[in-house]
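Student: I would like to learn how to read a model like this one, feature by feature. Can we go through it together?

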Amino acid sequence: MSAEPSAPGTSPRTPRPGAQKSSGVITKKGDRAAKEKPATALPPLGEEEPKNPEEYQCSGVLETDFAELCIRSGYTDFPKVVTRPRPNQNFVLSASMSEKPTQDDQRLSASCSQNSLESKYVFFRPTIQVEVEQEDSKVVKEIYIRGWKLEDRILSIFSKCLPSLSQLQAINLWKVGLTDKTLTLFIALLPLCSSTLRKVSLEGNPLPEQSYYKLMGLDSTISHLSLRNNSIDDHGAQLLGQALSTLHNSNRTLVSLNLGFNHIGDEGAGYIADGLRLNRSLLWLSLAHNRIQDKGALKLAEVLRPFELTHTEVVERRRLLLEKGTQERSSRSPSSSRHGDSKTEREKSQTTGISNVTSVDKPEKMQTLKTPKGLGKKKEKSGEVVKKEEKSGPGQSPTQGTPKKEDATKAGKGKVTIPEQKMSKGKGMKTGSKEKRSTFLESEQLVVEATEMVNPLLEPVEHRDGKVFMPGNKVLLHLNLLRNRITEVGLEGFLTAVQYQVQVSKPRTSSSKGPLGLLWLSLEKNCFDLQCPTYTMIQELMLPRDPVKAKVREEEATAT
């Protein structure tokens, strides 16, 4: 009982409600919270400040960058980046089967342990498989994601680490649970990647809105696109056909398109055929394992031979031709006016030069001006001679004789006026050898020719019975229609198309450039007999055109 009454003015021994005693000092709850609050804001030991994924600089090593960005984003259970396994070429089945069964049983019984079971489950864990360069294992060429859902946060991490992969060529997503939202995020990611990325494979990812056509936009750089097993129906085929080409726009980068194992019917095949009418970049198309019948097959075959332009296409063709003509006239009329002004100045200088010659009496000056006198006399004889001289060489002034080597460039500039004058008179389009020598006009012609090559409406057409027929699509080289529902009726359309392409490409030599038409056509396993005469004729016509089979025949011929 050593307790004594406290002196007045001091704190009582028994704490009041709401106050606690700590290390001999009594504090209130509010005071303690104010003192402990800055302690909670202190960073953990060994770290000056929390890590921010935005501040991380990617090194170009996908395994390191992806793991670090996942940790900084608070994503702990993230998939690992592993090298894609390759089949062992040294494995021989007969050698493994020749071992004694007793030894196999012993090995199997020894391997059936907890470790073996864990290794089997590891196979099904989400991973990001990569294919790397043989020389450098850190250089990633292709990415494979298979069998696990690709979430938004993974795509956001990819948007930070994939642009640093300078040699990335392909991205393959197989059954990753894509939605229309995640597909939009994925498409926004593609322009950030390296320019070497040309192949995208989205297989086993059906979308409700079937927005796969967004991968084929006008600003897309994808050359190879695979959309197998995505349940694409006729509506999705319509969107894809419009992405291939419309009356005003056309895809210029896509080279191969795989639409196998979908639900495309005759209507959808017609939409794809409409996209092939004005598309001149697609070389490889697969519509295998779909529901295409004779109606859709005939529409596809119609595009491969001369087809009639619709009214809207004819109107658009005329508009393009008028626009092209006005651009050429506007680009050449200022130059022709400048040359016309220079000619008048030269004629004035010629007359003044002749008058000066007559006033000079010294023989030295007379010798230097003998050629202007001769040309001046020719001009005085008739005005037609002047016109002939202007046509033969308007770059030469009448006071000059044959142009020297050092004045060849000046004379070349004058020669440009010849086709310009003809165009201004409206006599039509003429591109002579003299016009091609001018670098100024040649650069302008390259721009016009580029649009001509891309837009097939400016190709030469054929007029028959008041209708306009355009040459068929001879750019498509590979067409796969395996396992559809095509009968001999559809085969007739393809036979006509193949006969036309063979006839057109027959006079061409191996050194000639330009489209050749179909080189490979697959129609097996449809609703017709392989021994029917129509299919036999198609095979006979296509056999010499197939470069692979032609090479095999050459090797067999050399061997025999």
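Student: Which residue stands opposite Glu462 in β13?
Tutor: Strands of a sheet pair through backbone hydrogen bonds, either parallel or antiparallel. Here, Phe469 of β13 stands opposite Glu462. This is a predicted model: local features need pLDDT of at least 70, side-chain atom pairs count only at pLDDT 80 or more, and totals for chains, interfaces and linings use all residues. Residues are numbered from 1 along each chain as its sequence is written, and side-chain values use heavy atoms, with hydrogens and water left out.

Student: How many bridges pair β12 with β13?
Tutor: Two strands pair if DSSP finds at least two bridges between them. Strands (E, at least two residues) and helices (H or I, at least four) are DSSP runs, numbered from the N terminus. β12 and β13 (residues 467–470) have three bridges, in the antiparallel sense.

Student: What is the strand order in that sheet?
Tutor: The order is β11-β13-β12, in an open sheet of three strands with antiparallel pairing. β11 (307–308) and β12 (462–464) each have a single partner strand, so one side of each is left without a neighbour in the sheet.

Student: Let us turn to β5. Is β5 mostly covered or mostly uncovered?
Tutor: Buried means under 20% relative accessible area, exposed over 50%, and partly exposed in between (1.4 Å probe, protein chains only). In β5, six of the seven residues are buried.

Student: Which way do β4 and β5 run, parallel or antiparallel?
Tutor: Antiparallel: four bridges join β4 (residues 127–132) to β5. Val132 has Val140 of β5 as its bridge partner. With β6, β5 runs parallel, over five bridges. There, Arg146 has Trp174 of β6 as its bridge partner.

Student: What is the handedness of the crossover from β5 to β6?
Tutor: Point the strands away from you. A crossover is right-handed if the path from the first strand over the helix to the second runs clockwise. The chain goes from β5 through α6 to β6, and this β-α-β crossover is right-handed.

Student: How many cavities of 30 Å³ or more are there?
Tutor: A cavity is a set of points, on a 1 Å grid over the protein atoms alone, where a 1.4 Å probe fits but cannot get out; lining residues have an atom within 4 Å of a point. Grid points are joined across faces, edges and corners, and a volume is the space filled by probe spheres set on the points. The count here is one cavity of 30 Å³ or more. About 50 Å³ of space lies in the largest cavity.

Student: Which elements each supply at least two residues of its lining?
Tutor: β5 (140–146), α6 (152–161), β6 (170–174) and α7 (180–189) do. The lining includes Ile143, Phe158, Leu173 and Phe186. Ala, Val, Leu, Ile, Met, Phe, Trp, Tyr, Cys and Pro count as nonpolar, Asp, Glu, Lys and Arg as charged, and the others, Gly among them, as polar. By that scheme the lining has nine nonpolar residues, no polar and no charged.

Terms used: On a 1 Å grid over the protein atoms alone, a cavity is a set of points where a 1.4 Å probe fits but cannot get out, and a pocket is an open set with protein on both sides within 12 Å along at least five of seven lines; lining residues have an atom within 4 Å of a point.
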